[in-house]
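Please examine the sequence and the model shown here before reading the report.

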Amino acid sequence: MNDVIEPVSETLVERAKAVLGRRNLVFVGLMGAGKSAIGRMTATLLNIPFIDSDHEIERVSRMTISELFAAYGEEEFRALEGRVIKRLLHSGPRVVSTGGGAYINERTRRHIKKSGLSVWLSADLDVLWERVNKRDTRPLLKTENPKQTLENLMKLRYPIYAEADLTVVSRDVKKEVMVEEVLAAIASMPKK
């Protein structure tokens, strides 16, 4: 599925590429923040590969994320996730979309900080809930009150996501607007 991307200033894209250099661009945030969709479109504009860490985990394990959670529990899943992300970050540049809990793992966070530029797509509860309540594929939301669970995850994780290099607010606007805001945030950073 190819997203049609409206024109973004070539100058903005080139400035963002110059700041990124050989580093990976890593999207972090809660489920429903738009990490995969915005990440894929950003990678297209930057003309670098995109990879979704959850899809890579499913590919290497030959199990869905839900199956992995059910079979091995969250702790084992997070260990596998950390190993996969470390491998993905070994070469770059590429755009990597991570699962919602990946950046919470201190070791994974260190790997991201070492070889990537992290972008937190921050969204409020209503935006996230509107996006995630349509599907029941989120293992952490298989609870009696999934919206409350999502709010609890926000309270726990947002202070850690705030350690990301950049924060861009994810809200109900066209994806192209979000991508342009991500590129502008990257371009505004000093080159490394």
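The structure is a predicted model. The chain contains 8 helices and 5 strands, which follow one another along the sequence in the pattern α-β-α-β-α-α-β-α-β-α-α-β-α. The chain is as compact as a globular protein of its length, because its radius of gyration of 16 Å is close to the 16 Å that the globule rule gives for 192 residues. Along the principal axes, the C-alpha atoms fill a box of roughly 50 × 35 × 35 Å.

Of the 192 residues, 47% count as buried. The chain exposes about 10200 Å², and carbon and sulfur atoms supply 51% of this area. Among contacts between residues at least 6 apart in sequence, 75% join residues at least 24 apart. The chain carries 31 positive and 26 negative side chains, and the centres of these two sets lie 6 Å apart.

| Strand paired with β4 | Sense and bridges |
|---|---|
| β1 (residues 24–28) | parallel, 5 bridges |
| β5 (residues 166–169) | parallel, 4 bridges |

Individual residues illustrate these pairings. Serine 118 in β4 is the bridge partner of valine 26, and leucine 121 stands opposite valine 168 in β5.

Key: Residues numbered from 1 in each chain as written. Predicted model: local features only at pLDDT ≥ 70, side-chain atom pairs only at ≥ 80, totals over all residues. Heavy atoms only, no water. Helix = DSSP H or I, 4+ residues; strand = E, 2+ residues; numbered from the N terminus. Rg over C-alpha atoms; globule rule 2.2 N^0.38 Å. Buried < 20%, exposed > 50% of the residue type's maximum accessible area, 1.4 Å probe, protein only. Contact = heavy atoms within 4.5 Å. Areas by Shrake-Rupley, 256 points an atom, 1.4 Å probe, with all protein chains shown as cover. Lys, Arg positive; Asp, Glu negative; His and termini not counted. Charge placed at Lys NZ, Arg CZ, Asp CG, Glu CD. Pairing = 2+ DSSP bridges.
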